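Dear colleague,

Please find below the structure that I am handing over to you. My notes on what was found in it follow.

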Amino acid sequence: MHLVAIGGSDAGISAALRARELDPACEVTVVVADAYPNFSICGIPYYVSGEVTHWRNLAHRTVADLEATGMRLRLDTTARRIDVAARKLLVTAADGSEELLAYDKLVVGTGAVPVRPPIRGLEGPGALGPGDGVHLLHSMGDTFAIMRTLESASPASAVIVGAGYIGLEMAEALVARGLSVTQMEQLPQVLPTVDPELGALVHAQLAGHGVEVLTGTAVKVIGQAPAGGEGRLRVEAATTGGEPVRRDVDMVLVVVGVRPDTGLAADAGAELGFKRAIAVDRGMRTSLPDVLAAGDCVITYHRLLGESYLPLGTTAHKQGRVAGENALGGSREFAGSLGTQVVKIFDEVAARTGLRDHEAAAGDFDPLTVESEADDHKAYYPGSHRIAMRFTGDRRGGRLLGVQLFGHRHAEVAKRIDIAATAIFHGMTVEDVSDLDLSYTPPLGSPWEAIQIGAQAWARQAGLR
Ligand SMILES: Cc1cc2nc3c(=O)[nH]c(=O)nc-3n(C[C@H](O)[C@H](O)[C@H](O)COP(=O)(O)OP(=O)(O)OC[C@H]3O[C@@H](n4cnc5c(N)ncnc54)[C@H](O)[C@@H]3O)c2cc1C
């Protein structure tokens, strides 16, 4: 049995590890386009900020650790074509030499690529790139390019295009390095994955740390700035109302989301699904015989909505593990995502799980969303913080559908969203959450845990208490 995995990030490596774990006799080869297998790209902002002191520290496992599991790594090797009928994969090594790898089962983990928005100066002849201080961010290669700009050009200022979670993490990283940062977001709020009320709190946190936040501002052109000015790049944008906005800065980072990298699988005839990600069943099987796929290149099964696309590292790990097991004849199913997410913005944290009101309404629920607040621990014990909460439940039957939280980085926001995620995962009602037996001691909590106070506020407004 020869399993070949394409991609050396969360999905490909998880599949390879699981296969080796289940069957030490199974031959496993991982084909990786670059030389950085099993790097935590989620940690890139903290290497850029300087908190993680060396890029090598971002490796979940070293090459030696991976090889010690018995897998073979083909680094700097790109998969070019899948011959499904012959079960062969054409690969090209760094020196240009081609080889056909025979496989019994193939796991495609090609991930995602950053979206290039239609901004003049980003594409086409004369487009600006890393050498000019204009960057996208997804891979270790992108990271090294950013570090070269930071270290060799010593930029004093930057525009970040996009205010999703990666844009926010990078704003913090560049501020930590002493840059003056302007964040431009075409939508009316930052962190559009949470409700505007929490987005406003995130906005205030950014502004409080000196980030100039321009929402409702779409970037149109990135070009060279006139010589002798304040920065080497000129960013031209327009507000929703049509007002022109212009900033001259030394560096531009474009982080406006990703799209699934499906070329290889699609060329081999794999069916595509939601957002044109590779269609897979819950066993991570594609429409092609002996070809499985996992991670950011595939659709995501959402426990409340069904088919969706939620490219996250936690999901890629789980799907990769399922693919590795099923490649060996297993019958594991991906249990599904709830889009549980958390992001630190300077001293605060925003988190969400499950559905927001409009998402629930589109998914055939009758949602009610209720806002509340609670202390993270008893206020009489020093260092307590308020947590802002938004609970969404189904008026028909009282099921908990979604929770969003915002609070101090020491207020255990991430673990509190995980309580909510666990409850939603198991289909609990909002009132069930209020009955959970949760821990309490004054320096760390309250007799009614914050999440239970949010649940009770929802039940009151829903007329259930
Ligand atoms: C800056 C940043 C921060 C993030 N933070 C978080 C976070 O905090 N939490 C979270 O859950 N998620 C986070 N994510 C998202 C998370 O990193 C991804 O969801 C996850 O890495 C997806 O893993 P993957 O294996 O599917 O794909 P990718 O990480 O995209 O990897 C794809 C792999 O395939 C290889 N490849 C592609 N094409 C070929 C080919 N033809 N031949 C050979 N190899 C190929 C690539 O070289 C790479 O090794 C973050 C992402 C970024 C960029």
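A backbone N or O atom of Gly313 lies 2.9 Å from an oxygen atom of the ligand; a polar contact is a pair of N or O atoms within 3.5 Å, and within protein one must be able to donate a hydrogen and the other to accept it, while residues adjacent in sequence count only if both atoms are side-chain atoms. For Gly8, a backbone N or O atom is 3.0 Å from a ligand oxygen atom, and for Leu312 the distance is 3.4 Å. In total, 30 residues surround the ligand, and Gly313 is among the closest (a residue is near a molecule if one of its heavy atoms lies within 4 Å of it).

This is a predicted model, in which local features need pLDDT of at least 70 and side-chain atom pairs count only at pLDDT 80 or more, whereas totals for chains, interfaces and linings use all residues. Residues are numbered from 1 along each chain as its sequence is written, and side-chain values use heavy atoms, with hydrogens and water left out.

His377 is found in the loop between strand S23 (367-375) and strand S24 (386-394); strands are DSSP runs (E, at least two residues), numbered from the N terminus. Is His377 buried or exposed? His377 is buried, as its relative accessible area is 5% (buried means under 20%, exposed over 50%, partly exposed in between, with a 1.4 Å probe and protein chains only). Its side chain reaches the backbone oxygen of Pro382 at 3.2 Å, and a polar atom of that side chain lies 3.4 Å from the backbone nitrogen of Ser384.

Yours sincerely

Methods. Helix = DSSP H or I, 4+ residues; strand = E, 2+ residues; numbered from the N terminus.
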